[in-house]
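Below is a short report on one protein model.

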Amino acid sequence: MKILLTGEGSTDCGQEKRTSTGPIWEDGPVQIFLNKIADECSAPIEIMTISKTKIAEYRSVKRQRRAVSGLSGHGIKAFYVAQAAADQDCDVAALYADADTPRGISPKDKHQCKAWYDEVKRNMICGFSRGTISAAIAIIPMKMIECWLLGDSQTFTALWGRDFDPKYFRSPELIWGAKDDPSSDYPKNKLHRALAECNEEPNRETYCKIADASDISQLVESCPISFGDFYKQCYALFASVQE
């Protein structure tokens with residue numbers, strides 16, 4: 001099963017690196033999560049990651065622009081990802097996008113966050129359905145990748161021997177705070193503080209270490225809205241693949 005994946009930045013789906021022999025793709029934590037779930041299902045997968053810049057090139061095609069009429073939110077980008085996947089002879093289109101938190105939604109209210117997640121996913125699935133691809137995965141952390149990386153406190157002990165109060169990692173999908181306040185519970189700020197206590201930098205390499213050490217079942221439990229749904233999508237798809 002060949003998956004075409006695109007995301008938002010280096011700390012979610014990685015980045016392209018120029019080398020003397022040509023460009024290579026350096027994976028992010030999302031590819032690690034996909035591969036770990038595929039391993040659970042004994043499903044052989046191949047992930048082809050392309051940058052959001054290349055996806056944007058599809059916007060210049062007139063017939064494609066007409067096809068996105070009526071789509072909203074991430075649905076437009078999902079359509080372009082689906083078309084790129086078909087062009088690359090991939091079996092699955094996968095799009096990563098942060099759910100964030102819009103105005104009017106209480107970021108700490110589970111029911112409101114779930115309703116917002118469902119809306120973001122619905123828009124994305126609608127976009128995928130306009131394309132010519134038969135399968136798709138909507139990868140939407142509630143609210144950003146850092147929430148998932150805060151989902152298993154044992155990773156910090158396993159990697160760096162640092163024990164935190166379990167309360168620090170409680171309900172990571174429902175934390176929020178001022179972005180410009182380093183002491184707030186804004187997900188990036190909270191993860192960065194934890195990493196600082198471990199003398200680690202918040203970069204792609206560190207994020208990948210956390211993803212690799214995280215227990216998938218623990219992430220499903222601690223992040224039921226978004227990681228739980230991501231897991232269900234992947235498991236249903238990968239479990240259908242035969243060696």
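## A buried aspartate

D12 sits in helix α1 (residues 10-13). Helices here are DSSP runs of H or I with at least four residues, strands are E runs of at least two, and both are numbered from the N terminus. This is a predicted model: local features need pLDDT of at least 70, side-chain atom pairs count only at pLDDT 80 or more, and totals for chains, interfaces and linings use all residues. Residues are numbered from 1 along each chain as its sequence is written, and side-chain values use heavy atoms, with hydrogens and water left out.

D12 is buried but has no salt bridge. Buried means under 20% relative accessible area, exposed means over 50%, and partly exposed lies in between (1.4 Å probe, protein chains only). The nearest side chain of opposite charge is K188, 7.2 Å away. For charge, Lys and Arg count as positive and Asp and Glu as negative; His and the chain ends are not counted. A salt bridge needs a side-chain nitrogen of Lys or Arg within 4 Å of a carboxyl oxygen of Asp or Glu. Setting aside residues up to four places away in sequence, D12 touches G7, G28, P29, V30, Q31 and Y96. Contact means heavy atoms within 4.5 Å.

## Salt bridges

The whole structure holds ten salt bridges. K17, E26, R204 and E205 form a linked network of them. K17 pairs with E26, with the closest N and O atoms 3.8 Å apart. K17 is partly exposed at 39% relative accessible area, while E26 is buried at 17%. E26 also bridges to R204 at 3.6 Å, N to O. E26 lies in strand β3 (residues 22-26) and R204 in helix α10 (residues 204-213), so this pair ties together parts 178 residues apart in sequence. R204 is buried, at 12% relative accessibility.

A further bridge joins D229 and K121 at 2.9 Å, N to O. D229 is in helix α12 (residues 227-238) and K121 in helix α6, so the pair links parts 108 residues apart in sequence. Both D229 and K121 are buried.

## K209 in helix α10

Helix α10 also contains K209. This lysine is partly exposed, at 41% relative accessibility. Beyond its neighbours within four places in sequence, K209 contacts L159 and E200. K209 and S69 are 140 residues apart in sequence and 41 Å apart in space, C-alpha to C-alpha.

## Strands β5 and β6

Strand β5 (residues 92-96) pairs with β6 in the parallel sense, over five bridges. Pairing requires at least two DSSP bridges between the strands. A94 has I137 in β6 as its bridge partner. The chain runs from β5 through helix α6 (residues 110-130) to β6, a right-handed β-α-β crossover. Right-handed means that, with the strands pointing away from the viewer, the path from the first strand over the helix to the second runs clockwise.

Strand β6 (residues 135-139) is mostly covered, with four of its five residues buried.

## Nonpolar cores

The largest nonpolar core has 45 residues. Such a core is a set of buried Ala, Val, Leu, Ile, Met, Phe, Trp, Tyr and Cys residues joined through side-chain atoms within 4.5 Å. F33, I137, I139, F156, F227, F230 and F238 have the most contacts inside it. Apart from this core lies another, of 30 residues, including Y80, A82, F128 and I225.

F156 has contacts that include L149, F164, F169, L191 and I210, not counting residues up to four places away in sequence.
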